[in-house]
Each structure stands twice: as structure tokens, then as C-alpha cells.
Amino acid sequence: MNGADGDVLPVPRPAPRWKLRTALALAVVAALVAGGLKAYDEWFVQCADGVRKRGPDDECIGVTDGAHHFDKSLKGVMERIEEANKEVEKSKKPWVSIGYVEPMTLGPGDKGRDSIRQELEGAYLAQRELNDPSGGHGDTPQIKLLPANPGRGSGQWAPLVDQLAGMTDGKHPMVAVAGFGQSLHTTKKAVEELRKRKVPMVGSTVTADQLSDPERLGFFRAVAPNSDQTSAMAKYLKGLQRGKKDFRIQVIKDRNADDIYSASLLRGFDKAVKKAGLELDTIDLPFVSRGEAVPNSLEAVADKLCGQPELPDAVYFAGRGRDMKGFIESAAATGRPCPVTVYSADDTIGLFFDIPWRKKTNEYEKFLKSWERSEIRIKYTALAHPDASPDVYPGGKANPFDAFRDAYAERFGGVRDLLNGQAMLGHDAVLAVGTAIRDAAGQDGRGKVNKDSVRELLVQINGRHALAGASGKIDFDDAGNPRNKPQPLVELRPRTRDEHEYLRVLTP
């Protein structure tokens, strides 16, 4: 309608609908925020699918199918794992997955890069063996291997546990976790939380007794715990003491209660000494690891030990290999030889975590010269050793090591990397989980495979149904530890063709 002046009258606006406007505004803001968060996640937080930057050092934490390498030293084995996982999908068969937890963005207290790589190589070979129809383990369901990084010192264990526990449902569940690296208080927290969430676990190289709990089953391991290692060593030393009058033994002990490996080793040795009737020198040589004064403390220990008018016949080192390295360097620095034999447990291989023996660096050569000057001999209970195989499986019957060694040589080159036992135990931990998976599936492959059934079938790996692993038989007891696992006694030498020379098998 036109007015008298010919202007068009304005159309009346409806009354404002404030609730609708508010809702629309919030929706727009939410969309912008969601888009912004997604962009932020992709550009600044996400390292790869399943892997995010976390912690004060922005470490890449999480679970991968092998597409993310975490460290350049792991590129080769990660590419093989990724390839094997793709083959699982191409097979069109049902599949489940196993998480493999290892700190792969390493800090100063973690295992060496070579050890992590070797464990993953062994785990990968077990995956290939389990998925091969001719491997003797069946092939349904197929198994994916998912490396999982909890960060330096396993410090980001909590978000990783959340992620792993969230993967246990669905069509292709993650049914168990293997690995776990070193025996640290953070490792124990991760194990306790996964146990609480009923996720079964099989440790590869973790030996602290505190990880086992017969009242709350869920954690198993392919390796002898510290209590078995100390029992075997105490019995061995008792035999030496019987053979020589006034055979004197002193103990160097780490008093750091936060390191559950060292604490477990010390407690186990004290108990084993009493049981074996072993006589020890009354003067202990303590130090506290992981502190700023460790070098000074180890220097004092070396001076006290090596400065005695008469050296002991044996020294038991209740601590980690890194600290043993510091002790050797301190002993050499005194300028006088200290020809004692030091006995210890599996972490002795930590001597070379920071200076891998495969790389003949100046630092490596410098340490070897110090070791030679000290004249210290080292013998330790190894977790596994390739040369022990004939003694572990006498008569050659049902010995799977030869096939494992050949597979390792074919995929990764020479077998020199098998000397420290890491690859063998990575293999055996995954093989144990895989065996439980196939037992849960049944002969027709149709049984229900989930975390609960796998936990129940891990319990059944014992007695006549013990598992023949590359490192020896795995026969789980009520606490999830392998019964009477043979322990190779190995001498570690600074300059011989065989640095890790196998001597004999000890039993608890």
C-alpha cells in the first residue's frame, strides 16, 4: 500500500525470538570451536593416527599400527609391522590386536634404542609365526601388532592406558597387552590400572617381583622374576663358597626404593642368601641411584672396595647396569687394578644402553679401556641367550629356537643381536598371548575372543600345556610367573669376539 507521499510502507518485523537467536549463535560458535579444535589437533597436537603430543616435552604418545615410527632407529621394524598388519586386513579373516608397550621416545633412564628395536623385532616375528597357516598355531583370528609408546620412563602411562583400555570392544578388539620395558614405579602403575580394567598382560623383560599379584591375576610374564634370579645366583655362590675356605662375598646395593627393579633385586638376594645359607661380608657398600650425587657415591664405593688390602672373592651388585658402568669407571679412575668378579642380574646389559656395542664410538672405546684397566670380571643371570638353547631343550626335542634364529637372520640379518636375549623375549611374550587367543577361538576358530577369554586361557598355559618359547618353556604359576625358567649364566667381557659368553644354565 502506498501512502500519501508515495513512500512504500515498511513491513513490520516480527518480535525478536531470543531463544532461537541464542541457540543459533551457540551452534555457530560450537562449529567454529569444533573446527578450530580439529585444526589445532591436526596441525599442532596429532603426530599420527592414534598418537598425540603429550607431557612437558610434547612426546608423541599413543598406539600405532606401525605407520608412526616414534624414533628413527625403529623405522625398519615399524615398516615391517605395518606391512604385516596390512596383510591381516587383506586376508579378509577375522582379526584381533595385541598392544606392545615400550617407551620409544627415550629419556636418560630408559633402555637403549637397540634393546627396544630388538624386542619389537622379536614381537614381529611372533606375529608372522602366528598368522602363518603353516606355523602350527592355526591362523584364525589373525593378529595385528600395535606398538604403544608411554613416553620417557613410561611417564605418560595414564593416557596410554586409557587409550588401550578403550580399544578392547568392537568388532576387532585389542585383547591383551605385551612388553612393558623396564621395572619402574610408572610401569607398576600402568600394570595395576590395566589389571583393574581386566586387560590381560604378558611382560617380556620386566622382572620386578612387585608386578605379580596371585590374588589379582592378570599380569603374566615370559621371563624369570628377580626372586628366581637371586635364588639361582645365591645357590651358585654357595657352591663356590663350599669349594674354597674363607670365600668372601661383599654386596654393592642400590638403596633407591623408587626403582622397583633394584629394590626387588636387593630384597630377593637378602632372602635367597638366608635360604641358601650363604655367608656375606658384614660391610655393605650402598649407594642411591638416579640422584645428582650418584657419580660421587659410586666413586666412594669403588674406593672402599678396591682399596682393601685383600679383595673379596665375589661381589654381588644389586643395582642396574648403568650404575655398574659408573662403578667400573670409578674403579679404573683410582689408577689401581681391582681384579674382582662382580655378579648381578639381567639389567647388567644396561652397561651398553647409552653406548650401544654395535657402534664402535669413541665413547664406547673409552669405556672398554677403563674396563680393561679395572680388571673387573662380570657374570650375570641373563634372561635368555642363544647358546643356552641345547641346555634349555636337552636332546633337541621340541626346540623352537633354531626356527626363530633362522627367521631372525632372514628378516633382520645376522644373529649377533640375539646375544642379549631381548628379541627372544619379545617373541615369547607375543607368542604366549597369541597361543591364548587361538585357544579361546577353539579348533573351528569361532570361539569368542576378547580380553576376558584371553585372560582365562593364559591361565591354562602350564603343566602339559606349557609353551615352548625361544627362551625356554613358559609354564605359568599361580602368580603368572614361569615356573623354574632356566637362567643362562653369562660372562660379559670387554674385548673378545663373544662379549656375552654363555657359561651354564642356573635354576632357582
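# Briefing on a predicted protein chain

Residues are numbered from 1 along each chain as its sequence is written, and side-chain values use heavy atoms, with hydrogens and water left out.

**Overall make-up and confidence**

- The protein chain has 14 helices and 17 strands; these are DSSP runs numbered from the N terminus, with helices being H or I of at least four residues and strands being E of at least two.
- A contact means heavy atoms within 4.5 Å. Of the contacts in the protein chain with a separation of 6 or more, 71% are between residues 24 or more positions apart.
- The average pLDDT, which is the predictor's confidence in each residue from 0 to 100, is 90 for the protein chain, and 90% of the residues score at least 70.
- Residues 1-14 have a pLDDT below 50, and this stretch has three contacts in the model beyond near neighbours in sequence.
- Residues 37-44 also have pLDDT under 50, and the model gives them five contacts beyond four places in sequence.

**The largest pocket**

- Rolling a probe the size of a water molecule over the atoms shows where empty space is left.
- Here a 1 Å grid is laid over the protein atoms alone: a cavity is a set of points where a 1.4 Å probe fits but cannot get out, and a pocket is an open set with protein on both sides within 12 Å along at least five of seven lines. Lining residues have an atom within 4 Å of a point.
- Grid points are joined across faces, edges and corners, and a volume is the space filled by probe spheres set on the points.
- The largest pocket holds about 660 Å³ of space. It is lined by 34 residues, and the closest to its centre are Arg128, Glu129, Leu130, Gly135 and His137.
- At least two lining residues come from each of α2 (75-90), α3 (113-131), α12 (401-412), α13 (422-441) and β14 (467-469).
- The lining of the largest pocket has 15 nonpolar, 11 polar and eight charged residues. Ala, Val, Leu, Ile, Met, Phe, Trp, Tyr, Cys and Pro count as nonpolar, Asp, Glu, Lys and Arg as charged, and the others, Gly among them, as polar.

- The expected span of a helix is 1.5 Å times one less than its number of residues. With 19 residues, α3 reaches 27 Å from its first C-alpha to its last, close to the 27 Å expected.
- In α3, 16 of the 19 residues are buried.
- Helix α9 (residues 321-333) has 13 residues and reaches 18 Å between its first and last C-alpha, close to the 18 Å expected.
- Because 10 of its 13 residues are buried, α9 is largely enclosed by the rest of the structure. Among the buried residues of α9 are Asp323, Lys325, Phe327 and Ile328.

**Backbone exceptions**

- Most residues other than glycine have a negative phi, and most peptide bonds are trans.
- Phe70, in the loop between β3 (59-63) and α2, has a positive phi near 65°. Phe70 is buried, with a relative accessible area of 12%.
- Phe180, in the loop between β6 (174-179) and α5 (185-196), has a positive phi of about 90°. Phe180 counts as buried at 3% relative accessibility.
- Thr140 and Pro141 are joined by a cis peptide bond with omega of about -5°. Pro141 lies in the loop between α3 and β5 (142-149).

**Two residues and their contacts**

- Arg80 is in helix α2 and counts as partly exposed at 25% relative accessibility. Beyond four places in sequence, Arg80 is in contact with Tyr124, Arg411 and Phe412.
- Arg80 and Glu121 are 41 residues apart in sequence, with their C-alpha atoms 8.9 Å apart.
- Leu419 lies in the loop between α12 and α13 and counts as buried at 12% relative accessibility. Not counting residues up to four places away in sequence, Leu419 touches Ala384, His385, Pro386 and His500.
- The C-alpha atoms of Leu419 and Val490 are separated by 9.9 Å, and the two are 71 residues apart along the chain.

Definitions and conventions: This is a predicted model: local features need pLDDT of at least 70, side-chain atom pairs count only at pLDDT 80 or more; totals for chains, interfaces and linings use all residues. Buried means under 20% relative accessible area, exposed over 50%, partly exposed in between (1.4 Å probe, protein chains only).
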